[in-house]
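Here is a short tour of one protein chain. Keep the sequence and the 3D view open as you read.

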Amino acid sequence: MRALIAQASGHRPLSGLSRRQFLGALGGVGAAAFLAACGTGGSPSSGASRSAAGDLSADEKLVRWANWTLYLDQDESGTKYPTLEAFTTQTGIDVDYTEDIEDNDSFYGKVSGQLANGQDIGYDIVTLTDWMAARLIRLGYTQELDRSRIPNADNILPNLADVDFDPGRTHSLTWQSGFGGIAWAKDKVPAGMTSVSDLWAPELAGRVEVLSEMRDTIGLIMLDQGVDPAGDWAEDEFDAALGVLKDKIGSGHIRQVRGNSYTQDLVSGDAIAVIGWSGDITALNYENDDKFQFAIPEAGGTLWSDNLMIPIGATHKANAEEVMNYYYDPEVAAQVAAWVNYITPVQGAQEAMEAIDPDLVDNQLIFPDADTLARTHVFRTLTPEEETTYNGAFLDAIGA
C-alpha cells in the first residue's frame with residue numbers, strides 16, 4: 001500500500017518518536033481472526049431514500065472530521081497532529097479535526113435529526129463504534145465509499161474486511177479497536193484489582209466511574225457475573241447486570257457515568273477507579289508519570305471497534321476518502337498506533353512499527369496475540385428491537 005501512495009503523491013515515510021519514546025514513559029499475530037467478531041448491529045437495509053450531498057472537494061480543499069479524545073497522534077504541545085499536518089502538506093487538503101465525540105448516544109442525539117433529513121451535520125468523517133455504525137448504515141445515513149479512491153483499504157485486516165453490519169465495507173472502514181476493562185490510580189489502590197467486583201469495595205465509594213457505553217459497562221458486569229456478553233443471553237441476564245449498576249448509582253458508590261471525560265476525573269483525582277478503555281489509560285500514563293494501571297479482568301474484558309464513515313450530507317466526500325486512504329498506509333497507521341495505543345486495523349503496521357518504536361512491536365494493546373484476544377468478548381449483535389429495549393433501559397438507569 002505504501003508504494004501506491006508514494007507513486008501517486010510523493011509520500012515519504014514519516015519519521016518521529018512514539019509518545020512512549022518522547023515522554024520517556026513505560027519501559028503479535030492472531031488479531032485478525034478475533035477482530036472479525038467486532039461487527040455488530042445486523043445487516044444493512046436501505047432507510048428512507050436520501051440523496052448524497054453534492055461533492056465540493058474539487059473546489060474546497062477541506063475535510064471536517066469528528067473523533068473521540070486521545071485518538072490521534074499529537075505533538076509535545078498537545079495542540080498539533082503530526083500525521084494530519086503531513087497529510088495537508090502532501091495533498092493540500094486542510095483538515096478541521098475536532099474531538100467532538102463524548103460517547104455514541106450523545107453524539108447521535110445531536111445529529112440524528114439532520115441525518116434523517118439528509119442534511120450536512122458539519123462533518124465529512126465521523127468515527128463511531130460498531131453498533132452505532134450499524135445504525136447509521138441501516139438507516140441510510142451514510143454515503144457509499146468509492147473504494148477506487150481508497151486503494152490502501154485493501155490493507156485492512158482480512159477478518160475486518162467483511163463485517164455483518166457492512167458486508168464488503170462499502171460504507172465504513174475500521175479506525176481502531178480496543179479493550180474495555182478496569183483501571184485505577186496505583187497510589188490510591190495499591191493492592192490493585194483483578195475483577196469488576198473490586199470496584200465495589202467500600203473504601204472506593206464515591207470515587208468510582210463507569211462508561212456511558214452500554215456494551216462496555218454492562219458487558220463487563222455480565223462477565224463478572226459469569227455471563228458471556230457474546231453468548232446467547234436474554235433479558236434476565238441483562239437485568240441482573242443492570243441491577244448492579246442501578247444499585248451502585250443509587251447508593252452513590254458510582255460517582256458518575258461518563259464518556260471519554262472520565263479520563264479528566266482520573267487525572268484530577270475525583271475518580272480513582274473506573275471501567276475504562278485500554279488506550280486511554282496508556283495515554284494518561286505517558287503524561288502522568290505512569291500513575292494508572294489498566295487490566296483486563298480475570299473474568300474477561302470487552303473488545304470493540306470504531307469506524308470511519310461519511311455522513312449522507314457531507315460535502316467533501318472525495319477529500320474524506322483521501323484521508324481514509326492516507327491512514328491505511330502502514331507507516332502512518334503505525335505512527336498513530338504508537339501514540340493512541342489501540343489495536344490498529346492495518347496490515348503491515350506491526351512491521352512498520354520497528355522503525356518508529358521497536359519496543360511497541362509486541363505491545364499487546366496494539367498488536368494483541370491470540371492468548372490476549374481470547375480473554376476478551378464482543379457484545380453480541382442486537383436486533384433493532386433489542387437495541388431499543390436494552391439501550392433504553394441502560395440510558396434510564398444512568399439518567400441520560
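## Charges over rings

The charged end of Arg-135 sits over the ring of Tyr-108, 4.7 Å from the ring centre. A charge counts as sitting over a ring if NZ of Lys or CZ of Arg is within 6 Å of the ring centre and within 35 degrees of the ring normal. Arg-380 lies over the face of Trp-233, at 4.2 Å from the ring centre.

This is a predicted model, in which local features need pLDDT of at least 70, side-chain atom pairs count only at pLDDT 80 or more, and totals for chains, interfaces and linings use all residues. Residues are numbered from 1 along each chain as its sequence is written, and side-chain values use heavy atoms, with hydrogens and water left out.

## Two helix pairs

Two packed helices are described by the angle between their axes and the distance between the axes. Axes are lines fitted to C-alpha atoms, for helices over the stretch in contact, and angles run from 0 to 180 degrees between N-to-C directions. Helices (H or I, at least four residues) and strands (E, at least two) are DSSP runs, numbered from the N terminus.

| Helix pair | Axis angle | Axis distance |
|---|---|---|
| H5 (residues 104-116) and H6 | roughly 10° | within 12 Å |
| H7 (residues 214-224) and H8 (residues 235-250) | about 100° | 9 Å |

How do H5 and H6 lie, roughly parallel or roughly perpendicular to each other? They are roughly parallel. H7 and H8 are roughly perpendicular to each other. Angles under 35 degrees count as roughly parallel, over 145 as roughly antiparallel, 65 to 115 as roughly perpendicular and the rest as oblique.

Now look at the residues that meet. Contact means heavy atoms within 4.5 Å. Asn-104, Asp-105, Tyr-108 and Leu-115 in H5 meet Trp-131, Met-132, Arg-135 and Leu-136 in H6. The residues of this contact divide into 5 nonpolar, 1 polar and 2 charged. Here Ala, Val, Leu, Ile, Met, Phe, Trp, Tyr, Cys and Pro count as nonpolar, Asp, Glu, Lys and Arg as charged, and the others, Gly among them, as polar.

In the other pair, Met-214, Thr-217, Ile-218, Ile-221 and Met-222 in H7 meet Glu-237, Phe-238, Ala-241, Leu-242, Val-244 and Leu-245 in H8. The contact of H7 with H8 holds 9 nonpolar, 1 polar and 1 charged residue.

How many residues of H7 are buried? The count is 10 of the 11, so H7 is largely enclosed by the rest of the structure. Buried means under 20% relative accessible area, exposed over 50%, partly exposed in between (1.4 Å probe, protein chains only). The buried residues of H7 include Arg-215, Asp-216 and Gly-219. After H7 comes Gly-226, whose phi is positive, near 85°.

## Aromatic pairs

The structure holds 18 aromatic pairs. Rings of Phe, Tyr and Trp (its six-membered ring) pair if their centres lie within 6.5 Å; planes under 30 degrees apart count as stacked, over 60 as edge-to-face and the rest as tilted.

Tyr-71 and Tyr-342 form an edge-to-face pair, with 5.3 Å centre to centre and 85° between the planes. Tyr-71 lies in the loop between strand E1 (62-68) and helix H4 (82-91), and Tyr-342 in the loop between helix H12 (330-340) and helix H13 (349-356), so the pair ties together parts that are 271 residues apart in sequence. Tyr-71 is buried, at 2% relative accessible area. Tyr-342 is buried too, at 2%.

Trp-233 and Tyr-390 form a tilted pair, 5.2 Å centre to centre and 55° between the planes. Trp-233 lies in the loop between H7 and H8 and Tyr-390 in helix H15 (residues 384-398), so this pair ties together parts that are 157 residues apart in sequence. Both Trp-233 and Tyr-390 are buried.

## Positive phi in two loops

Most residues other than glycine have a negative phi. Asp-289 is not a glycine, yet its phi is positive, about 55°. It is found in the loop between helix H10 (278-287) and strand E8 (292-295). Asn-341, in the loop between H12 and H13, has a positive phi near 60°.

Which is Asn-341, buried or exposed? Asn-341 is buried, with a relative accessible area of 0%. Asp-289 counts as exposed, at 75% relative accessibility.
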